[in-house]
Amino acid sequence: MNTATSAAPAAARQTALAPGDVVLDEYVEARGPWSAVVAAGDVLTIVDLEGNQAVDCLLYAAGDTTLRYSSAVTIARQQSIVLTTGSVLRAETGAPLMTVVADEVGVHDTIGGACSQESNTLRYGQHTREQHACVENFLIEGSRWGLGKRDLVSNINWFMNVPVDPDGALGIVDGLSAPGKRVALKAEVDTLVLVSNCPQINNPCNGFNPTPVRMIVTRPEAAL
């Protein structure tokens, strides 16, 4: 079940990074899942309401969910492991799904993956086995669209900071975001956006305190 609530349209229009008519405005509770189809040409603004909140994200072509976001192709085509303004989020065929059209943070992760009950147990101990995780959120929300475990691929982590050391080691450290920071994604095709508002409490990706985020979709006036 979607765990979002609506907000006031006027305030949403002011908050969105892209001008246009507000066609969706929802809050996603801390630790919760969310999904929506963003129509081609529309822009999704993700708002980090309290700062330092990782937002795990998967993308699928709404008309054919076998066409899905590929971190490998996206990284190879842009020759960078981080996402920011101008990054094109591509499927395994190279086809663009969404483009980052505005970004107030400057660094978003493509390689840190999604937490799961299994990875929590391996990294942090058996006492974390029953903790809710991003993979479970993806499975719960994906089931609404006919998606299952084999449909999950490497994901985007909006607002998450994963530096790579010179020896190739990865670190999950405090985020670079702050309260109210935003990133905006334009849909190049009708795109199913699947989100886990990360519930992780065992590393700094959420500042050890998961918080809500806001999802606003605007439609450019010329497209109305």
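Is Pro9 exposed or buried? Pro9 is exposed, because its relative accessible area is 58%; exposed stands for over 50%, buried for under 20%, and partly exposed for what lies in between, with a 1.4 Å probe and protein chains only. This is a predicted model, in which local features need pLDDT of at least 70 and side-chain atom pairs count only at pLDDT 80 or more, while totals for chains, interfaces and linings use all residues. Residues are numbered from 1 along each chain as its sequence is written, and side-chain values use heavy atoms, with hydrogens and water left out.

Pro9 belongs to helix H1, residues 9-15. Helices (H or I, at least four residues) and strands (E, at least two) are DSSP runs, numbered from the N terminus. Leu24 lies 15 residues from Pro9 along the chain, and the C-alpha atoms of the two are 8.5 Å apart.

Strand E5 presents another picture. It spans residues 55-61, and because 7 of its 7 residues are buried, the strand is largely enclosed by the rest of the structure. Val55, Cys57, Leu59 and Ala61 point one way from E5, whereas Asp56, Leu58 and Tyr60 point the other way. In a regular strand, side chains alternate between the two faces of the sheet.

Cys57 takes part in both pairings: its bridge partner is Val195 in E13 and Ile156 in E11. Strand E6 (residues 64-68) is joined to E5 by 2 bridges, again antiparallel. Ala61 of E5 has Asp64 of E6 as its bridge partner, and the two strands form a hairpin with 2 residues between them.

Helix H4, residues 134-142, is likewise largely enclosed by the rest of the structure, because 7 of its 9 residues are buried. Among the buried residues are Cys134, Phe138 and Gly142, and also Glu136 and Glu141.

Leu170 is partly exposed, with a relative accessible area of 48%. Together with Ile81 and Val164, Leu170 forms a nonpolar surface patch of about 230 Å² accessible area. Accessible areas come from the Shrake-Rupley method with a 1.4 Å probe, and for residues only the protein chains shown count as cover. Patch residues have over 30% relative accessible area and no salt bridge; like charges are joined within 9 Å and nonpolar side chains (Val, Leu, Ile, Met, Phe, Trp, Tyr) within 5 Å. A salt bridge is a side-chain nitrogen of Lys or Arg within 4 Å of a carboxyl oxygen of Asp or Glu.

Notes:
Two strands pair if DSSP finds at least two bridges between them.
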